Amino acid sequence: MQRGMGVAGVCGKVDRAVVEARIAAGFSRGACTLAARVADPKRPQTWEFGAFSQHGEDGILEYLIRHLKSSDRYFLEIACGDGLENCTAYLALGSKWTGVMVEGDAALAAHCRRVYQNRIWNVVVKECYVHLDNIADILSTLPAKNFDLFSLDIDSTDFHIMKAAMDLGYRPKILVVEYNSAFGPEQALTVPYK
């Protein structure tokens, strides 16, 4: 241990080293899978690759973004986790997109803030749980109602939050919204709002 650094200083250095290793691993994973990908416009599963996303969303988003007629390179991700395993980290870290990451869990939001703090200036991290009473305030911080990408994965009231955003006139060009595939594509089911 360096003289005068203390336990907090050592923990901070270890945390930064782990973040750097995770970022490097994400970009390496993304580069390998992107290089091997042969995207067929008629088969969306061929668009997938994963750098920081869980299920190949990085590739799907990259493909969709490449086909936008115009782009403002702005995102909103609600439930961004720790900032390194989500749908927008690849855009923020690799393509220098601007955006807002929202996370309700205090520890995850703090980690996310540390990831982006002093790295890129154009990502704002907000710590709050999203509900119908504050979605309008969150959306009002965006530069336009038709921004490029809205990712929403709060494991419960996604439908109600997205409906509220749409009712407020927001029309993102690309939506990433979690759904439960166990019910199949024919049924329209959602949980009651509470």
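This is a predicted model: local features need pLDDT of at least 70, side-chain atom pairs count only at pLDDT 80 or more; totals for chains, interfaces and linings use all residues.
Reader: What makes the sulfur of Cys 112 too far from the closest cysteine sulfur for a bond?

Author: The closest one belongs to Cys 80 and lies 3.8 Å away. Residues are numbered from 1 along each chain as its sequence is written, and side-chain values use heavy atoms, with hydrogens and water left out.

Reader: Why does Cys 80 count as buried?

Author: Its relative accessibility is 0%. Buried means under 20% relative accessible area, exposed means over 50%, and partly exposed is in between (1.4 Å probe, protein chains only). Cys 80 therefore counts as buried, and Cys 112 is buried too, with a relative accessible area of 0%.

Reader: And what makes Ala 188 exposed?

Author: Its relative accessible area is 80%, which is over the 50% limit, so Ala 188 is exposed. You will find Ala 188 in the segment after strand S5. From C-alpha to C-alpha, Ala 188 is 25 Å from Leu 64, and the two are 124 residues apart in sequence.

Reader: How many helices and strands are there in the protein chain?

Author: Six helices and five strands. They are DSSP runs, numbered from the N terminus: a helix is H or I with at least four residues, and a strand is E with at least two. Read along the sequence, their pattern is α-α-β-α-β-α-β-α-β-α-β.

Reader: What makes the protein chain as compact as a globular protein of that length?

Author: Its radius of gyration is 18 Å, close to the 16 Å that the globule rule gives for 194 residues, so the chain counts as that compact. The radius is taken over C-alpha atoms, and the rule is 2.2 Å times the number of residues to the power 0.38. Of the 194 residues, 40% count as buried.

Reader: Why is Tyr 63 called buried?

Author: At 8% relative accessibility, Tyr 63 is under the 20% limit, so it counts as buried. Tyr 63 is found in helix H2. Leaving aside neighbours within four places in sequence, Tyr 63 is in contact (heavy atoms within 4.5 Å) with Arg 37, Ala 39, Pro 41 and Trp 47.

Reader: What covers the buried residues of H2?

Author: The cover includes helix H3 (89-95), strand S4 (149-152) and strand S5 (174-177). Helix H2 spans residues 57-66, and its buried residues include Leu 61 and Ile 65 as well as Tyr 63.

Reader: Which elements do the buried residues of H6 pack against?

Author: Helix H5 (135-139), S4 and S5. Helix H6 covers residues 158-167, and among its buried residues are His 160, Ile 161 and Met 162. After H6 comes Gly 169, whose phi is positive, near 95°.

Notes. A disulfide is a pair of cysteine sulfur atoms within 2.5 Å.
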